[in-house]
Amino acid sequence: MGTFMLTWNPDSYDWEEEGGNYEGGVARIASGATIKAMWSMGARRYGVEPGDRFYLLRQGVEPRGIVGSGYFTDGQIDEDVHWDDPDKTAWYAEVVFEFLVDPADGLPTSQLLDEVPGFGWNTTYASGNEVRGEAVDQLEHMWKEAMTRTKHHRRRG
């Protein structure tokens, strides 16, 4: 099973997925729902299987870091109109977000650089990069811990 990094820069892309804006998406996930979306895959055209995992890396403005995760539905990557330029095309895959958090509750890039050195956290600019080796297990462990803290905080709150 593969693990991939999807990217999102709020300065470049206004969140318009199910649930409305990003905060609406966070609320939708917190209520127990999931969010289905077509997400740009950068230069990747193949190599994704149904059920492969992904993490969403927030870029650009602080706080930067991982703010979501989920899985690929069918593993297909299809060409369609570019998300930012209607005269171009981009490659998209259907994904389901299972977790989406307030950026302050995510895994900050500084922590990722220290604890998961096997991935280019500051040199990944587009979606579709595969996470490999020990970085997969390290990332999964850190994300589960972060989601447990977030859920615990919500229950107390």
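Where is the place of Leu107? Leu107 sits in strand S6 (residues 107-108). Helices (H or I, at least four residues) and strands (E, at least two) are DSSP runs, numbered from the N terminus.

The model is predicted: local features need pLDDT of at least 70, side-chain atom pairs count only at pLDDT 80 or more, and totals for chains, interfaces and linings use all residues. Residues are numbered from 1 along each chain as its sequence is written, and side-chain values use heavy atoms, with hydrogens and water left out.

## Overall build

The protein chain holds three helices and seven strands. From the N terminus on, their order is β-α-β-β-β-β-β-α-β-α. The radius of gyration is 15 Å, close to the 15 Å that the globule rule gives for 157 residues, so the protein chain is as compact as a globular protein of that length. That radius is taken over C-alpha atoms, and the globule rule is 2.2 Å times the number of residues to the power 0.38. Along its principal axes the C-alpha trace spans about 45 × 35 × 30 Å.

Of the 157 residues in the protein chain, 41% are buried. Buried means under 20% relative accessible area, exposed over 50%, and partly exposed in between (1.4 Å probe, protein chains only). The protein chain exposes about 8,500 Å², with carbon and sulfur atoms supplying 46% of that area. Accessible areas come from the Shrake-Rupley method with a 1.4 Å probe; for residues, only the protein chains shown count as cover.

Contact means heavy atoms within 4.5 Å. Among contacts between residues at least 6 apart in sequence, 68% join residues at least 24 apart.

## The core

The largest nonpolar core has 39 residues. Such a core is a set of buried Ala, Val, Leu, Ile, Met, Phe, Trp, Tyr and Cys residues joined through side-chain atoms within 4.5 Å. Ile66 and Phe97 have the most contacts inside this core. Two or more residues each come from strand S1 (3-8), H1, strand S2 (35-40), strand S3 (53-58), strand S4 (65-81), strand S5 (89-100) and helix H3 (134-156). H3 gives the largest share, seven residues.

Which residues is Ile66 in contact with, leaving aside its neighbours within four places in sequence? Among them are Met5, Tyr55, Leu57, Leu107, Trp121 and Trp143.

Leu107 counts as buried, at 1% relative accessibility. Not counting residues up to four places away in sequence, Leu107 touches Arg64, Gly65, Ile66, Leu112, Leu139, Met142, Trp143 and Ala146.

Helix H1 covers residues 22-30, and its buried residues include Tyr22, Gly24, Gly25, Val26 and Ile29. An α-helix has 3.6 residues a turn, so residues three or four places apart point the same way. Just after H1, Gly32 takes a positive phi of about 105 degrees.

Val136 is found in helix H3. Val136 is buried, with a relative accessible area of 18%. Not counting residues up to four places away in sequence, Val136 touches Thr3 and Val131. Glu145 also lies in helix H3. Glu145 is partly exposed, with a relative accessible area of 39%.

## The loop at Pro63

Pro63 is found in the loop between S3 and S4. A cis peptide bond joins Glu62 and Pro63, with omega about 0 degrees. Is Pro63 buried or partly exposed? Pro63 is partly exposed, with a relative accessible area of 34%. Not counting residues up to four places away in sequence, Pro63 touches Arg58, Pro103 and Ala104.

## Separations along the chain and in space

The table sets sequence separation beside C-alpha separation.

| Pair | Apart in sequence | C-alpha to C-alpha |
|---|---|---|
| Pro63 and Glu16 | 47 residues | 20 Å |
| Val136 and Val116 | 20 residues | 8.7 Å |
| Glu145 and Ala90 | 55 residues | 34 Å |
| Leu107 and Trp121 | 14 residues | 12 Å |
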